[in-house]
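Here's a quick briefing to read alongside the coordinates. Have a look at the structure first, then come back for the notes.

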Amino acid sequence: MKLAVIGTGYVGLVSGVCFSELGNDVICVDHLKEKVALLNKGEVPIYEPGLKELIASNKSAGRLQFTTDLPEAVRKSDIIIIAVGTPSLPSGKANLNYIEQAAREIGLAMNGFKIIATKSTVPVGTNEHIQTIIASQTAFPFEVASVPEFLREGTAVQDTLHPDRIVIGTSGETARKYLTELHRPLTEHIMSTDIRSAEMIKYASNAFLAAKISFINEIANICEKVGADVTEVAEGMGYDQRIGSSFLKAGIGYGGSCFPKDTQALIQIAGQMDYDFKLLKSVVDVNRDQRFNVIRKLEASLGDLAGRTVAIWGLAFKPETDDVRDAPAFEIIDALVKRGANVKAYDPIATANFRQQFGESGVVYCAEPEEAAIQADALCILTEWKEFRDIKPLTIQAWLRTPNLIDGRNIYSEHELANTQLIYYSVGRPNMNHGVKEQKPLLSL
C-alpha cells in the first residue's frame, strides 16, 4: 500500500518505518527541514533501539522516504496517517492545533479518494472534527478512522511489529477493509469499533496503567511503614491472573509523554461532561507526591541539604530512551537546588535533552557515573539503566564521601547490600544500614 505519515515524532517515525518494513511504500512528512535532512542522511533524532537500522534498510530498498512536502506526499498516497503531537495545554486539555493544521493541509492537497487515519492520541470526538475540517477544504471523497497506538518508548519497534492488539475505529467500510489489511501482518487481534470508542480505548488504557502504578506505589509506602517488602507483595499479586504482573513495579512514579498528558486530558474530558473523575485525580496526585519521597529520604539521612553534594543517576523518564518529558528528575533536582544542594547528574544518553530544558543552574553534568558519584554525600538512582545495575554497591560505597544510597527504582537486592557499609533507602522495602535490615516494631493488634 502507499502511505503518507504526517509527523515524525516517536509515533509517526516508528509507525512509518515499521509499515515500510512490512513492504509498504511510505512517505514520512515533517515541517521541520532540519529533522527531515537528518533523517535523509540516515541519522535518527530520537533514541530507539533498532530504529536506525530499519530506516537504513528500508531507505535502501526504496520503500521509505522523508520530506517536508505534505501536499506531494498526500497526492502520492492512498492512506494518510496523522501522527502529530497533541501536547497538554495549561488547563490539561489536549492541544489540537497541530491536528487541525494537518487536516486542513490534507484537505487542500487531496486529488482523489483517501483514507485518513489518526494515530495521535486525541479527545473523544476529534476525528469527527477532523472530518469536518477536511470536508471544508475538498470535494473529493474520503473516510476517516481512529487507529490509536500503544507503543512504549524503548521498545517501540517491538511493540509496533508485535502488538497485543490493533484497534480500528471507523464508520466507513472501505477504511475498515484497507486498514485491517494493512495491520493484518502484525497480529490476528484486530478489533473493529466505532470512532469514539477507539478514541476512548486509548485514554482508558493509559489511565488504567497509570492507576496501577500509583496503586503499587501507595502499597510500597505502607510497606515501608510496616516492614514488608513491596517486591514480594507485587510478585504475589501478579500471579493472580485477574491482576497480572505488569506495571506493578514500585518506584518514584511515571513520567514521559503519554501517562501524564493522557491522565490530565481524560480528567478534562470527564469535567467537560460534568463528571468528576475522583479516582484518576488521586492517581495523578499520588504520582506527583511519590517523586518527593527521594527528597524526604535524603533529608532523613543527611538533615539540612544546603551545601551537600548529591549525585543523580538517571535523567530520562525510563531506560532505553533519551526522552525526558515529565521525568521525575526535573522536580527532584529542582527541589535539591532550591534547598541549596550541589547536584552532579549523569545519564547514559538523555543528558543533552535534560540540560537543554533544565539549564545549568545548580547542576554539574557528568560524562561518567563515577564522575557524578565521586565524593558525593549521597547518590540517588532515578532511572533503572542496566549500566547502573552492573555497578556493584561496594564500588558505589568506595566512590561516595558518605555512604548514602537512595535507590528510587529498587535495582539492588538485599543480598547485594549485605556486605556493604551503605545506608540504603529503596521504595517499599526495609531500609538497610551497614548491611543490616532495619526492623520495624510490631503492630498494635
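What follows covers the domains, their interface, the salt bridges and the aromatic rings.

Keep in mind that this is a predicted model. The protein splits into two parts, domain 1 (2-193) and domain 2 (208-432). Across the whole structure there are 26 salt bridges, and the aromatic side chains give ten aromatic pairs.

**Domains and their interface**

- Taken over C-alpha atoms, the centres of domain 1 and domain 2 sit 33 Å apart.
- On the contact side, 17 residues of domain 1 touch 16 residues of domain 2.
- Putting domain 1 and domain 2 together buries about 1300 Å², and 51% of that is on carbon and sulfur atoms.
- Which three residues supply more of the area that domain 1 buries against domain 2 than any other three? They're Tyr47, Lys93 and Glu153, and they account for 40% of that area.
- For polar links, domain 1 and domain 2 share seven residue pairs in polar contact, counting pairs with both residues at pLDDT 80 or more.
- The salt-bridge count between domain 1 and domain 2 is one.

**Salt bridges worth a click**

- Glu153 turns up again here: besides being one of the three residues named for domain 1's buried area, Glu153 pairs with Arg325 in a salt bridge, with the closest N and O atoms 3.5 Å apart.
- Asp276 and Lys281 make another salt bridge, and here the closest N and O atoms are 2.6 Å apart.

**Aromatic rings**

- Among the ten aromatic pairs, Tyr254 and Phe259 are edge-to-face, 5.7 Å centre to centre with 80° between the planes.
- Tyr254 is at 5% relative accessibility, so it counts as buried, and Phe259 is buried as well, with a relative accessible area of 11%.
- Tyr275 and Phe277 are also edge-to-face, because their planes lie at 70° with the ring centres 6.4 Å apart.
- Trp313, Tyr346, Phe388 and Trp399 are joined by ring pairs into a cluster.

**A charge over a ring**

- Arg165 lies over the face of Phe150, and the distance to the ring centre is 3.6 Å.

Notes. Residues are numbered from 1 along each chain as its sequence is written. Side-chain values use heavy atoms; hydrogens and water are left out. Rings of Phe, Tyr and Trp (its six-membered ring) pair if their centres lie within 6.5 Å; planes under 30 degrees apart count as stacked, over 60 as edge-to-face and the rest as tilted. Buried means under 20% relative accessible area, exposed over 50%, partly exposed in between (1.4 Å probe, protein chains only). A charge sits over a ring if NZ of Lys or CZ of Arg is within 6 Å of the ring centre and within 35 degrees of the ring normal. Domain bounds come from an automatic or database domain assignment. Contact means heavy atoms within 4.5 Å. Buried area is the accessible area (1.4 Å probe) that two parts lose on being put together, summed over both. A salt bridge is a side-chain nitrogen of Lys or Arg within 4 Å of a carboxyl oxygen of Asp or Glu. A polar contact is a pair of N or O atoms within 3.5 Å; within protein, one must be able to donate a hydrogen and the other to accept it, and residues adjacent in sequence count only if both atoms are side-chain atoms.
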